[in-house]
Amino acid sequence: MTWEQFQQYIVIGIQDGSIYALIGLGFTIIYAVTNIINFAQGEFVMLGGMCSYMLVDSVDVPTLPTVVIALLCAAAIGALIHLLRNRRINRFILGLMIVLPLASIPLVLFLYGEFASVEIPVGLASFLPVLMVGAVGAILYLLSIRTARRPSILALIIITIGAALVIRGIAGVLWGDKMHRTPLYWEERTIDVLDATVHTQVLWILATMVIVAILLQLFLSRTMLGKSLKACAINPVGAGLMGINPKIMALIAFALAAAVGGAIGAVMTPKVGMTYESGFLYGLYGFVAASLGGFRSPIGAVFGGFVLGIGRALIIGVDWWLFNSDYKDVWPMVILVVILLLRSNILAEEERLG
Amino acid sequence: MSRNMLSRWRLLLIPVLIILMCLVPFDWFLGQYKYLGTVIGLSTIVTVGLCLFMGYTGQVSLGQAAFYGIGMYFSAVLSSKQGLDPWLAMLIAASVTAAVAFLLGIILRLKGNYLAMATLAVGFIVWKIAVIDDMGYTGGPDGIREIPYLAIGGFEFDSQFRRYYLVWGICLAILLISQSIVNSRIGRALRAVHGSEEAAESLGIDVFRFKLKIFVVSAVYASIAGSLFAHHQLHASPGYFEPIDSVYLVIMAVIGGLASIWGAIFGAGAVEILRNEILIHYDQWNMVILGLILMLILIFMPEGLFVALKMGYQRDGVLFIPKRIWRLVIRLYSGIRGFQQRKTAKSFHGEPDR
């Protein structure tokens, strides 16, 4: 591997690393607050990409999705009414729960072909998916995990797997099994950095990752809501005694994680493309990133994502013995199993306490 | 147990079911479904292993298809390229799978979420290695053909008709073996592990060893099914044990009731009929429907479909179906296992179950 090639592989590594970092971030948000590993995290990424594709290319849309989305909205509103009747909720949360289902209304409008003739700017097409996927995350939590009666860990695992299947299946029905791409954000395709040729979209991916990580960090450390979220992650019972509702925090965690996944999905689609089956592998990689960073720390997940992305790119570059591009997907999984085993004592302890 | 055997429903139902099952491959009955029947038998074998591992022991495996694949490939390679006797190849395949499962058993130190992810990763690794085919054994994505049929003496299982009986004979043997495992000391130990590992440990049960044992047993079941499939389809390829197939196996186990040996037939039947008959060309709809079924069962009846139906019936009669009809349906089903309530009542009056 020459120096130029090395730089090129590092660029690929940074691109993949940013993607994995944000997916891992989603895992850690949900896991820290609820102790649930969300097997549908990768599907949020896929959904983000697909939604942005749909917004850019909103001609020739089937009417079925409209019905599905309308049903989901109705269900969310039903759940909301149920909550209102039974529990006292503070006003802000109430607002949030109304806003999230409403956020999916633009989706319904687009699907009716209302805006079919209007050119949607690419910026909007990548921002709206964040809201939409966030809403999907919240709805998923309300409809499945919240509704389950005294779920065991096994049940929660299988519920999120079922959710992943449903989301993947619906995406397959809606958008077919072709690979979809959205247009690049900048006209110019590549720029030169040192000796490497950098695709401009890679800069967008990296920027998204940095901005989302910083915003999240600010949210968690500076706002009251973020602090309650952190409190809930550290000690749910204690947080409950201080007047924080862990269930609402779980809802926010799901919406947040889904929104983060949707954001990265929308930004990466112009570069790597998206099929309805992409979510599975991205989810696994995000989990590897989270496990490299220790599962509970968002910063750790970002770090793990970059280690994974660059390491994987270098495996392709080395091309020696079993370290070649064929095995690029195998090594991360081996590393995942090894990390889990090395940490098994700590993890068992955590699981017992949590 | 022996008294339960004498329950009149069981006396009536079992012969009727057996006769019906025997008649399926005849052309004047359900002849066109004998291929489907064979596939259901194969899936049942894997599902029973999964029930033992997940339902009774309380662990989780999302990589069961990997063992199916290992069995399939060893049988295929040994009997076609090395020219071994198919039965010997099958035996070797099962031993190799047992050894692999034994070595992989180290991941059973993990629990819950982490075990799920680790098994998912293992399933992915095995599948990917079969696709990559570095050494030139597995034939890459195309797989292996020219596999011989199984034969006893001069009697070759070369028709669909004969293979149906072969598969169901082996399936029945495995169901009976599993039934006796569940009703033995091992089965009670496994259920103790499910209840609480600490409590089981304090009663002198070597938790890790029991988990390892049952993991190996379930892997061998999957391997046998894989070998049978190779000699049935005369084709082995990675397409038959993709990572998602492990999820379908979990769905079969959940539909049949996780802690129910005979329910495995119903679970496997439901999923295979849906996949191979009703929605044969609509893979995405399959995902949606099966995912929804999975979620609904675990959200509303985490204890399993049939247990929940029984309990719900006892409480208030479910789904507005008049109690009398409902009672008939449930009796028909539970006739196979003996009516749960009567069983507890009996063992309460008489001596304890052991």
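Me: The expected span of a helix is 1.5 Å times one less than its number of residues. How far apart are the end C-alpha atoms of helix H13 of chain A?

Reply: This is a predicted model, where local features need pLDDT of at least 70, side-chain atom pairs count only at pLDDT 80 or more, and totals for chains, interfaces and linings use all residues. Residues are numbered from 1 along each chain as its sequence is written, while chains are lettered from A and ligands numbered from 1 in the order in which they are written. Helices (H or I, at least four residues) and strands (E, at least two) are DSSP runs, numbered from the N terminus. H13 of chain A has 21 residues (298–318), so it should span 30 Å, and its end C-alpha atoms agree at 30 Å.

Me: Which helices do the buried residues of H13(A) pack against?

Reply: A residue is buried if 20 or more other C-beta atoms lie within 10 Å of its own, exposed if 12 or fewer, and partly exposed in between; C-beta atoms are placed from the backbone. The buried residues of H13(A) include A:Phe306, A:Leu308 and A:Arg312. They pack against four chain A helices: H1, H8, H12 and H14.

Me: Leaving aside its neighbours within four places in sequence, which residues does B:Ile125 contact?

Reply: Two residues are in contact if their C-beta atoms, placed from the backbone, lie within 7 Å. With those neighbours left aside, the partners of B:Ile125 are A:Val330, A:Met333 and A:Val334.

Me: Which element gives the most to the side of chain B that touches chain A?

Reply: The contact takes 35 residues from chain B and 39 from chain A. On the chain B side, H6, H11 and H13 each give two or more residues. With 13 residues, the one that gives the most is H6(B).

Me: How do H3(B) and H10(B) run, roughly parallel or roughly antiparallel?

Reply: Axes are lines fitted to C-alpha atoms, for helices over the stretch in contact, and angles run from 0 to 180 degrees between N-to-C directions. H3 (34–56) and H10 (207–233) of chain B pack at about 170°, with axes 8 Å apart. Angles under 35 degrees count as roughly parallel, over 145 as roughly antiparallel, 65 to 115 as roughly perpendicular and the rest as oblique. H3(B) and H10(B) are therefore roughly antiparallel.
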